[in-house]
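Subject: Structure handover

Hello,

Here is the structure I said I would pass on.

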Amino acid sequence: MSAVLAALGTMGAVVALGWVLGRWRVLGERAAPVLARVVFVVAAPALLLSTVAHADLHLLVSRTAVVTWTSTALVALLAALVLRVVWHRSAADVTVGTLVSSYVNAGNIGLPLAVYLLDDPVVVVPTLLFQLLVLAPVAFAVLDARPAPPLDGPEPAGTGPDGSDTAPAAPGAPVPAGMRVAGVARRTLSNPIIVGTLVGLVLAALPWSAPEVVLQPFALVGAAAAPLALLTFGMSLAAPRTTADAAPRRDLALAVGLRSVLHPVLTWGVGTALGLPAPALLAVVAMAALPTAQNVLVYAMQYRHGEALARDAGLLTTVLCVPVLLVVAAALG
C-alpha cells in the first residue's frame, strides 16, 4: 500500500501548495476561478482526448465494465432520488450532489493506483469512460439548461455559460419544447469536456492509430489538468468561509457515505454475483473506493453552483480514501 500512500501524499502536497497560494493571494483575487476555467476549457479536454484515443473500446462490453457501470449508475440514481424526491432539492443541487457522490478521482489517484498497486493501468478505463460518456454529459445537459453567471459578474443577455448564444425569450413568453431541446443539445455538444471525449472516441474507433505527432500536443497540455485541478482545490480551501459557504450537512453526509462506503460495498456485491476473478474484483472495488474527483469542484466553479459541497466532499472523501483502500487491499488482495 506504499503506492497508495505515495499517490495520496503527492496530491496532498500539491493541494497544500494551492492553499498557500490562495491564503496569501500570490496569484491574485480571481486566480482560483480562472485556473478552474483553464482546466475546464483547455487542459481537461486535451487530457481526455489523448487518453480516450488510446482506449480499447472492447472494454465497454467486458464483465469488469458491467460491474463498474452498474454499481456507479446505482449510486448516482440513489443520490438523485434522495436529493430530489426525499429532500426536494433543485435540479442543479441534485446534479452536483449526484456528481459528488458518484464521480471518482480516476485520473489523479486511480491511474497511479492501477499502475503501482494493480500493475494494470487499463483497469481505470471503464470508470473513466462511464464518467465521461454518461455522468458528465447528463450533468452538463442539466446545468447548461440553467443559465449561470460567468466568473466575473452577471451573465450578459444572449450568452450561455459556455459562451454560446442563447437569446432568451421575452419574460413570460413560452419557449417551444423543440427550441429548448435544441438549445440544450447545442450547448451540451459545444461543451469542451464532451467535445474532447467524443473526438477521442472517434480516434479510438478508427481502424488505424492516430499519429503520435498529432496526439502529443494534446497529451502535453493535458498533463497540466491534474496539477491545476489540485491547485484550484487547495486555493478554494484557503478562501474565507462563512456559515453560508458551508455545504448542507445532510447533503455532505449523503455524498460521503455513498462515495466512501456504499459504492465499494455495492461494487463488491455486483462483482461477486457476476463471478469476477479475484484480481478483477480487487481492481473494480479499488476504483469504487476512490474519493470524489477534484474535477467536480472545477465543474461546480464553472457553473457557479454547489462549490461548497464539491469542495468539502472532495476533502473528506480524500482523507477517508486511505483507510478504505487499506481495508479493500487487505480483504481482497
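This is a predicted model: local features need pLDDT of at least 70, side-chain atom pairs count only at pLDDT 80 or more; totals for chains, interfaces and linings use all residues.

Overall fold

The protein has 14 helices and zero strands, so in sequence order the pattern is α-α-α-α-α-α-α-α-α-α-α-α-α-α, with strands and helices taken as DSSP runs. Of its 333 residues, 48% count as buried. Among contacts with a separation of 6 or more, 82% are between residues 24 or more positions apart. The accessible surface comes to about 15200 Å², and carbon and sulfur atoms account for 71% of that area.

The largest pocket

A probe the size of a water molecule, rolled over the atoms, shows where empty space is left. The largest pocket has a volume of about 750 Å³. Its lining consists of 40 residues, and those nearest the centre are Leu47, Thr51, Gly107, Leu111 and Leu128. Two or more lining residues come from each of helix H1 (2-23), helix H2 (31-52), helix H5 (106-116), helix H6 (125-144), helix H10 (225-238) and helix H13 (294-303). H2 gives the largest share, six residues. Sorted by class, the pocket lining has 28 nonpolar, 11 polar and one charged residues.

The cavity

The count of cavities of 30 Å³ or more comes to one. The largest cavity has a volume of about 60 Å³. Which residues line the largest cavity? They are Thr68, Ser71, Thr72, Ser102, Val104, Thr127, Gln131, His263, Thr267, Val284, Met287 and Ala288. The elements that give two or more residues to this lining are helix H3 (63-86), H6, helix H11 (249-273) and helix H12 (278-288). By class, the cavity lining divides into four nonpolar, eight polar and no charged residues.

Aromatic rings

The structure holds eight aromatic pairs. One of them joins tryptophan 19 and tryptophan 24. The ring centres are 6.1 Å apart and the planes stand at 85°; the pair counts as edge-to-face because planes over 60 degrees apart are classed that way. Are these two tryptophans buried or exposed? Tryptophan 19 has a relative accessibility of 34%, so this residue counts as partly exposed. Tryptophan 24, with a relative accessible area of 56%, is exposed, because the cut-off for that class is over 50%. Elsewhere, Phe40, Tyr103, Phe140, Tyr299 and Tyr303 form one aromatic cluster.

Leucine 118

Leucine 118 sits in the loop between H5 and H6. Its relative accessibility is 17%, so leucine 118 counts as buried, the limit being under 20%. Which residues is leucine 118 in contact with, leaving aside its neighbours within four places in sequence? These are Leu113, Val123, Leu282, Ala283 and Met287. Met287 is also one of the residues that line the largest cavity. Leucine 118 and glycine 333 are 215 residues apart in sequence, while their C-alpha atoms are 9.6 Å apart in space.

Regards

Conventions: Residues are numbered from 1 along each chain as its sequence is written. Side-chain values use heavy atoms; hydrogens and water are left out. On a 1 Å grid over the protein atoms alone, a cavity is a set of points where a 1.4 Å probe fits but cannot get out, and a pocket is an open set with protein on both sides within 12 Å along at least five of seven lines; lining residues have an atom within 4 Å of a point. Grid points are joined across faces, edges and corners, and a volume is the space filled by probe spheres set on the points. Helices (H or I, at least four residues) and strands (E, at least two) are DSSP runs, numbered from the N terminus. Ala, Val, Leu, Ile, Met, Phe, Trp, Tyr, Cys and Pro count as nonpolar, Asp, Glu, Lys and Arg as charged, and the others, Gly among them, as polar. Buried means under 20% relative accessible area, exposed over 50%, partly exposed in between (1.4 Å probe, protein chains only). Contact means heavy atoms within 4.5 Å. Accessible areas come from the Shrake-Rupley method with a 1.4 Å probe; for residues, only the protein chains shown count as cover. Rings of Phe, Tyr and Trp (its six-membered ring) pair if their centres lie within 6.5 Å; planes under 30 degrees apart count as stacked, over 60 as edge-to-face and the rest as tilted.
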